[in-house]
Amino acid sequence: MNRAGFYTSGEFARMAHVTLRTIRYYDKVGLLPPSRKSESGARLYTGEDFAKLQQILLFKYLGFSLEDIREMTTLTGDNSGFLLESLDMQKRLVEERVEQLKEVSAAISKTQEAVKSGAPMDWTNLLNLIHMTAMENSLKVQYDNAANIQARIRLHRDYSNNPKGWFPFLYEEAGIRPGMKVLEVGAGSGALWKENLERLPQSVHITLSDKSSGMVHDLSREFAEDARFTFQVSACEKIPSHAGAYDRVIANHVLFYCDPLQDAISECARVVKDEGVFLCSTYGRNHMREITELVKEYNPDIVLSADSLYEKFGLENGEALLKPCFHHVELHRYVDAIEIADPDPLIAYILSCHGNQNSFLLDQYKDFREFVTKKVRGGFHITKDAGVFVCRKQG
């Protein structure tokens, strides 16, 4: 360490027991730039940089990607909630891996016993090993998606004007009463039920379905002790239930992902009772438009979503798409907006989108954060344009 209180790259690397190449790479990708550079261009680091490096190495050991680590270590202020949620998801992923490895170990043991005894080989058992390996890769994708979902939920939960919240609003629109049978398609994390569990009658039966087997597995663990819930892996386009099976069918921000869309609507209409209700929520064209305008001002080449979901099924065209299957369709809007003066939750939301933004922003994070900080200083308004269609087959 020199007299100015800085470490050279070599000293910094030796302290952390990593290679000099690693330090240079973290600088190159914008994960850990040096605090300053000497007149000759040499990187110089401080004790605070070393603390951040320790965080990076810990998260890397726990299995987070460099993009995950970048988000967790570059956000400023009180980001403990985000950190806890990220660690919780990673812990669940590790637990899933432990369960899979136990199954792999058991399958290998059975194969060894068969070889020793000269019994016929159980090829199905061996193929399960390949399936488990593939499942581990799909789980990582699933938890990446879950992290993105959490970033969006945090922005709406912590900075929205409407004190009721979206999920209580949707629950009240459903009008669930004792004795009802309810199906939620594309249930995801089960947030609708987590937030309304105490309001749910004891004598109801809720079926939570999702096309992701990993999501359904998580749901079954989340509600394992609650006999009101059952679970199934299925897509909206083909629901494995008989006609008129449910009093309520709920599709919360799901239909715009379905292909073909009309098949999904027809299936939901088929499995709801003639006197029952189908509820499907979506967005309008103005939803969160200020965020799109913000990133376009920073870089017009950024596209936050490859698809305009409201064009496929939105508030503007939803009634026309539902009318062939339902006699009565009524739109109930959710009146709300977001007011925010903190750049970090907004940036986390932007990075969670499904577009090309990360290829532009992650290498320019510091500059982008300064841009967003100036934009939200004094308050930043974000339009929310969402609602639910309440559909009945009888008038």
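How many bridges join strand E4 (residues 181-185) to strand E5 (residues 205-210), and do these strands run parallel or antiparallel? Four bridges join E4 to E5, and the two strands run parallel. The legends below concern a predicted model, in which local features need pLDDT of at least 70, side-chain atom pairs count only at pLDDT 80 or more, and totals for chains, interfaces and linings use all residues. Residues are numbered from 1 along each chain as its sequence is written, and side-chain values use heavy atoms, with hydrogens and water left out.

**View 1. The open sheet of seven strands**. The strand order is E6-E5-E4-E7-E8-E10-E9, with mixed pairing; strands (E, at least two residues) and helices (H or I, at least four residues) are DSSP runs numbered from the N terminus, and two strands pair if DSSP finds at least two bridges between them. Strand E6 (229-233) and strand E9 (328-340) stand at the edges, each with a single partner strand, so one side of each is left without a neighbour in the sheet. Neighbouring strands are turned by 15° against each other on average, direction ignored; axes are lines fitted to C-alpha atoms, for helices over the stretch in contact, and angles run from 0 to 180 degrees between N-to-C directions.

**View 2. Asparagine 252 in strand E7**. At 13% relative accessibility, asparagine 252 counts as buried (under 20% relative accessible area, with exposed over 50% and partly exposed in between; 1.4 Å probe, protein chains only). Its side chain makes a polar contact with the side chain of serine 281 (2.7 Å); such a contact is a pair of N or O atoms within 3.5 Å, where within protein one must be able to donate a hydrogen and the other to accept it, and residues adjacent in sequence count only if both atoms are side-chain atoms. Not counting residues up to four places away in sequence, asparagine 252 touches Trp166, Phe167, Leu170, Glu184 and Ser281, contact meaning heavy atoms within 4.5 Å.

**View 3. The largest nonpolar core, with 28 residues**. A nonpolar core is a set of buried Ala, Val, Leu, Ile, Met, Phe, Trp, Tyr and Cys residues joined through side-chain atoms within 4.5 Å. Leu255, Phe278, Cys280, Leu322 and Phe326 touch the most other members. E4, E7, H10, E8 and strand E10 (380-392) each supply at least two residues of this core, and the largest share, six residues, comes from H10. Apart from this core lies another, of 27 residues, among them Trp166, Met180, Ala187 and Val388.

**View 4. Tyrosine 257 and serine 305 in their loops**. Tyrosine 257 lies in the loop between strand E7 (246-252) and helix H10 (261-271). Leaving out residues up to four places away in sequence, tyrosine 257 touches Leu309 and Lys312. Serine 305 is placed in the loop between helix H11 (289-298) and helix H12 (309-312), and counts as partly exposed at 34% relative accessibility. Serine 305 and glycine 355 are 50 residues apart in sequence, yet 4.2 Å apart in space, C-alpha to C-alpha.
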